[in-house]
Structures are given as structure tokens and as C-alpha cells.
Amino acid sequence: EIPYMVNKARLIESIADLVKDKRIEGISDINDYSSDKTGMHIEIDIKRDANAQVVLNKLFTYTQLQSTFGVILLAIVNGEPKILNLKQLIQHYVDYRSGIIQRIAQTDYEKTNHKLTVTIGLQKCMSDIDLLIDLIRNSDSRADAKIKLIQAFELNEEQADAVLDMKLSRLSKLDLSELSDDEINYRNQVAALHAIMTDESQRY
């Protein structure tokens, strides 16, 4: 890369002029191979008898290949504008990203934990699928069915609601081995997300 706000064509032109005026010696050729795919790519060929480090030092001295510029690092911190140094700016950005990742992990954790809870409940119901379907069909209401399911299969309310939200045709086609695999997968995901939520080092 070249420094911020430095024009590539002018930089190459200035190097060529310095070589022509013999202010920089040891350069045999300059080629621009930059493209959209490869990005910035300028090659400076050095003569065999030249010292590459000496040439590089002169390029830094006489061209914009190395340059400095002033900035005011003004940022909004906790709702107030503040001028920060570079270390403070980086720290605030890192803290912000850490908080974002933590909130995403929290949301994913809750969703995955719900799936895990439902999967465990469905496995309990698979112990007697005929009883499950019979209880649902012969219940007077959703509330009545919910109570019966909780009592018959030792479900919690979240699991009972999930079962009642499923169609009977789908319930009858559930595969116990697939539910078991899903449970293992969800447990692993929950553990990983919990680590991200609680361990700050996992968010970097």
C-alpha cells in the first residue's frame, strides 16, 4: 500500500523524475502492475551494483512513499464527543465490537437453547407416540391438552407448547435417532455460545 491520499500516478512520476535528475541512483526501471484483482502493485527494479536499502531510504526521504499527516480523533463516547489518542480509540472500538458479539451470542444462545429444550421434550414424547396423539385428539381444549402432556410426559410448559404447535402428521413422522443427533448438536452450540457470552477472550 501507499500512504493515505497519495496519488499513485504522481508518486511513480516523481520517482522517475528523481531518477532522471540523478537525485536517486540505483533504479533501473519502474513498472505499475496494479489491477482490480491484485490491488496496488508497483515494482521498482534495482541495478545489480546498487544497495536496495540505500535506494529505499532515499525513496522514503525524497518521495511521498512515506508521509505523515495530522488527524483529530474525535469520537462519540457514551453519548458525549471526546478527543481520543490512538490507543483509546482502538480500545473503545474493541470494547464496542466485543459488546456486539456478546449480544449476538446471547440472541443465538436463547434461540438454540429453545431448540434444545424442545428436542428433549420431543424425545420424551416419542416414548409413547400413540398416547401423545390420543391425548391431543381427546382433549377439550389446548389448555387441557397442555396439562395432560405435562403430566404424562413430564414436560415443562415450553416443551408442551412446542408439541402442541406441531401438526399431528409431523409428530407421527419424528425420528428418534435424528432427535438424538439434534440434541447433541444443540448442546455443543449452546456450550460454545455460552463461552462467548461469559468469556471476554472468546470475543476477540
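Which residues of helix H6 (residues 157-165) are buried? In this predicted model, where residues are numbered from 1 along each chain as its sequence is written, local features need pLDDT of at least 70, side-chain atom pairs count only at pLDDT 80 or more, and totals for chains, interfaces and linings use all residues. Side-chain values rest on heavy atoms, with hydrogens and water left out.

The buried set in H6 is Gln159, Ala160, Ala162, Val163 and Leu164; buried means under 20% relative accessible area, exposed over 50%, and partly exposed in between (1.4 Å probe, protein chains only). Helices here are DSSP runs of H or I with at least four residues, numbered from the N terminus. The buried residues of H6 pack against helices H3 (86-125), H4 (129-137), H5 (142-153) and H7 (168-171). At the N-terminal end of H6 sits a cap, Asn156, with a side-chain oxygen 3.2 Å from the backbone nitrogen of Glu158.

On to the pockets. A pocket is an open set of points on a 1 Å grid over the protein atoms alone, where a 1.4 Å probe fits, with protein on both sides within 12 Å along at least five of seven lines; lining residues have an atom within 4 Å of a point. The largest pocket has a volume of about 280 Å³, taken as the space filled by probe spheres set on the points. Of its 14 lining residues, Thr119, Leu122, Arg170, Leu179 and Asp182 are the closest to the centre. H3 gives the most to this lining, with five residues.

Thr119 belongs to H3 and counts as buried because its relative accessibility is 6%. Beyond neighbours within four places in sequence, Thr119 is in contact with Leu179, Asp182, Glu183 and Tyr186, contact being heavy atoms within 4.5 Å.

Notes
Helices (H or I, at least four residues) and strands (E, at least two) are DSSP runs, numbered from the N terminus. A polar contact is a pair of N or O atoms within 3.5 Å; within protein, one must be able to donate a hydrogen and the other to accept it, and residues adjacent in sequence count only if both atoms are side-chain atoms.
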